[in-house]
Amino acid sequence: MAPKPAKIPDRPPSLFEPGFWPKALGEAWNLFILSCVFALLFNAFYSDGIELKYKAPKKIYLTDFLAQKAAQEKASRPGASKKHPASVASAGAAASSTDDSIQRISLVGAKSKFDKKKSVFLDARKPEEFQAGHIPGAYNFYSEEQDKYAPTILSLLSDKAADIVCYCHGGDCDMALRDAKFLREQDYTHVEVYLGGWPEWSKAGYPASQGANP
Amino acid sequence: MIFDKIMSDPGLCAVCVVLLCLWAWAHRAKPQTSFDAEKALMTFFRVFCGFLLVYSTRDKLLDPAHFMTEVDDYHFLPTQLVPLAAVVIPWIEFFSGAALMLGVWWRGGAIIFCVLMLIYSEAITWAFMRGLDIGCGCGLADPSEKITWLTVFRDLLFLALGLAVFFTKETYISFQKKQNP
């Protein structure tokens, strides 16, 4: 009769023993895959799930809207020639394809323009961030909801040659640039982006205001 | 509420520092009886790390749309990846936390915990240095609490706890089979 093998005592694994790292990383990988699969399935069947495909901001709708508005204005003028509806769409397409030759300015430039009081500052951040603090006299023009803010802002900026400075969070924040591009599309000729944005301005200790749009 | 104070940044930092000091003490003290203080402490670390992960997901799991806005506020990920991250990250936290609490695949859970803490601390540092005035979105403290350097320090302390758990040889209370030679 073969001798019964002695019971091998349990022992904790050593960090440097072969198989320790593959086992640990394998467990992490299993957890990761399990979580991903479960998350995607849950999101697919959950009533409050979100769309995984990124949706670009609704720029097209805005340009279409403005193109239509411009076409209506032209049509309402006495003696205006009637255009085919297709030209409205082409006007929208033309409006969205502007170049990116927007000038960027620094803190010194922004402060200089602020002191001269001849420039209009536009804050592209969220309304709540704007209300918490902004450059005095600036208007909130939240870049993610341009279609909501555009009518007010455009009515304020009646002069197409007005000196406009857009700003946001600074760094690689592109919200101000989006606003600036939009204004260039609306034929505003002097639009600039203040790169440092609100964080740099407030750190410099320059004047600040709080509250909603003036 | 005492619990809310503990779960705030200063509270959690204090808890982590106390735990790490206790670990240093237990590591030096040799076990006089069959009860191993260091092993018990590591068990607590493991369950504590797991609890933090699971607790932080309580709002994120069922409201991915809101979590997506919080992730987007950091401007840390490419915009196309934000919805996917908002859906997947809470479940990674949940399963890793459950693994740590139950002691099943807990070493893998500790790896994920450490990786998450590294990413979070870097994202918060990045956002903080750029002067973003945003909420943490961590799910631990009050949602309106803004990020500060203490938030970064807290995540680094969590990372230290996670590393201690990962490198420990054994813990008590585990549903996982022990490894034989």
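The structure is a predicted model, in which local features need pLDDT of at least 70, side-chain atom pairs count only at pLDDT 80 or more, and totals for chains, interfaces and linings use all residues. Residues are numbered from 1 along each chain as its sequence is written, while chains are lettered from A and ligands numbered from 1 in the order in which they are written.

Helices (H or I, at least four residues) and strands (E, at least two) are DSSP runs, numbered from the N terminus, and two strands pair if DSSP finds at least two bridges between them.

Strand β4 (residues 163-167) of chain A runs parallel to β2 (residues 119-123) of chain A, and 5 bridges join the two. Along this pairing, Val120(A) has Ile164(A) as its bridge partner, and Leu122(A) stands opposite Cys166(A). Another 5 bridges link β4(A) to β5(A), again in parallel, with Tyr167(A) partnered by Tyr194(A). Of the 5 residues of β4(A), 4 are buried, so this strand is largely enclosed by the rest of the structure; a residue is buried if 20 or more other C-beta atoms, placed from the backbone, lie within 10 Å of its own.

Turning to chain B, the axes of helix α3 (residues 37-56) and helix α7 (residues 149-167) come within 9 Å and cross at roughly 130°. Axes here are lines fitted to C-alpha atoms over the stretch in contact, with angles from 0 to 180 degrees between N-to-C directions.

Finally, the chains meet: 35 residues of chain B are in contact with 35 residues of chain A, where contact means C-beta atoms, placed from the backbone, within 7 Å. On the chain B side, α4 (64-73), α5 (82-102) and α6 (106-129) each give two or more residues, and α5(B) gives the most, with 10 residues.

Note on methods: Two residues are in contact if their C-beta atoms, placed from the backbone, lie within 7 Å. A residue is buried if 20 or more other C-beta atoms lie within 10 Å of its own, exposed if 12 or fewer, and partly exposed in between; C-beta atoms are placed from the backbone.
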